[in-house]
Amino acid sequence: MASPAGAAPKKRPALPGDVNGDGRADVIAGAPLLKVGGRTDAGAVVVWFGGSKVSAKARIASASKPVAKENLGHVLATADFDRDGYSDVLASARKKIVVFRGSATGLRFSKSFAWPVTNAPMQAADFNGDGYGDVAVQGDKEIVVFKGGGKGLAKSVTLKNGAAKFGAVLATGDVNGDKRPDLVATDFRPAYPEPTGPQRITVIPGNAKGLAMSRAWSFEPSRRDIVDVVAADLTGDGKADLALATGEGGVLVQKSSGSGFGTAQVLAFDYYPANLSAGDVTGDGRADLAVHVSADNHDWAELYSGTSTGVTKTASRKYDRENYETQFGRAMWIADVAGDAKLDVVAGMPGVYGIGEIHILPKGSYTGLQRLKLSSKASNGLGFSLPSHP
């Protein structure tokens with residue numbers, strides 16, 4: 001059907017993370033310790049264009065007026081918020097969130113919002129299915145949803161459930177199998193001293209009218225020390241299952257029924273699973289689960305293959321070649337940066353002094369490993385943050 005006279009045809013939205021609109025995800029990383037414009041720890045967002053070999057040229061985007069110790073880029077989310085064919089980025093900062101617009105040449109500063117939460121958790125997805133990326137961000141005792149549109153992000157609705165730290169951990173995935181992403185949120189993220197009381201996990205279904213608590217449902221996991229959550233179709237049935245990292249050396253994997261979750265499969269670790277990511281690295285139609293494990297001065301990542309009931313009992317791959325004092329896997333993202341329709345593992349390696357690298361493992365393998373870093377000798381914070389996991 002032809003567009004009405006005078007109406008501009010809508011562009012196809014860019015894939016999440018495809019800043020320059022070439023059909024490949026770009027490598028996007030926060031550099032929250034980067035010195036910018038003479039301001040120490042002002043922070044920035046860095047982009048390397050994707051390709052069969054990721055571009056070695058780092059494109060650095062910072063706030064229009066860098067502020068010392070603002071630590072811009074500690075948390076990132078990416079989607080095409082204005083549907084112009086270029087993926088955009090929302091980045092956290094101190095008492096602020098900052099929007100960068102994508103373009104053929106990289107990211108450029110767009111606008112910022114004053115924000116009550118420093119380094120606010122955030123997740124981007126097209127929750128209402130209109131082709132514009134939306135973002136959910138933890139606010140003050142609520143989750144604030146920014147709706148995408150022709151002019152970019154605008155505040156839309158707030159989500160509350162009575163918890164003071166609702167949205168402390170956020171994830172997105174199609175839990176109910178209706179082809180729209182849903183938002184998954186926890187009430188708090190454990191920290192010392194460990195909080196008391198039950199820890200609810202709430203699913204807010206995506207809907208053409210947007211996210212609303214009237215359609216939400218909650219459950220209490222078998223553990224109350226959930227530190228990270230990922231929602232992905234691990235079983236290949238079209239519904240996003242949950243993986244929950246606990247603070248005491250375990251990951252809970254629960255199969256989605258569409259309106260609830262089954263009994264947890266427990267993956268036990270001698271050390272501490274710290275964060276999760278997921279994507280179909282093996283190419284079998286099921287998402288695989290990547291787990292970052294932290295053990296004193298050693299860090300590594302393990303990949304568990306998806307199965308019809310959950311994930312494999314033991315890791316199918318282990319990434320541990322440089323695990324001593326590197327914090328390898330502190331951030332992880334699974335995306336197609338090569339543009340070959342196969343997913344790659346992107347892992348942060350910030351190191352103990354904040355002068356880090358980003359490692360690209362093509363198709364989840366060390367074969368063809370690429371290391372990306374900044375030329376600046378100043379502490380840059382690379383490796384602490386990558387886009388929010390899907």
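Start with the charges: the protein chain has 45 positive and 40 negative ones, and their mean positions sit 7 Å apart. Lys and Arg count as positive, Asp and Glu as negative, with His and the chain ends left out; each charge is placed at NZ of Lys, CZ of Arg, CG of Asp or CD of Glu. Keep in mind that this is a predicted model, where local features need pLDDT of at least 70, side-chain atom pairs count only at pLDDT 80 or more, and totals for chains, interfaces and linings use all residues. Numbering runs from 1 along each chain as its sequence is written, and side-chain values use heavy atoms, without hydrogens or water.

**Whole chain**

Zoom out and switch to cartoon: you get 27 strands and zero helices. These are DSSP runs numbered from the N terminus, with helices (H or I) of at least four residues and strands (E) of at least two. The C-alpha atoms fill a box of roughly 50 × 50 × 40 Å along the principal axes.

Now colour by accessibility. Of the 390 residues, 57% count as buried, meaning under 20% relative accessible area, with exposed being over 50% and partly exposed in between (1.4 Å probe, protein chains only).

**Salt bridges**

Side chains of opposite charge can pair when their charged atoms come close. The rule here is a Lys or Arg side-chain nitrogen within 4 Å of an Asp or Glu carboxyl oxygen, and the count comes to 13 salt bridges.

- Select D22 and R24: their closest N and O atoms are 3.0 Å apart in a salt bridge. D22 is partly exposed at 33% relative accessibility, and R24 is partly exposed at 27%.
- Next, pick E70 and K96, a salt bridge with closest N and O atoms 2.9 Å apart. E70 lies in the loop between β3 (59-61) and β4 (76-79) and K96 in strand β6 (residues 96-101), so the pair ties together parts 26 residues apart in sequence. E70 is buried, at 5% relative accessibility.
- Move on to K147 and D130, whose closest N and O atoms are 3.4 Å apart in a salt bridge. K147 is in strand β10 (residues 143-147) and D130 in the loop between β8 (122-125) and β9 (134-138), so this pair ties together parts 17 residues apart in sequence. K147 is partly exposed at 37%, as is D130 at 23%.
- Last stop: select D82, D84 and R101, which are linked in a network of salt bridges.
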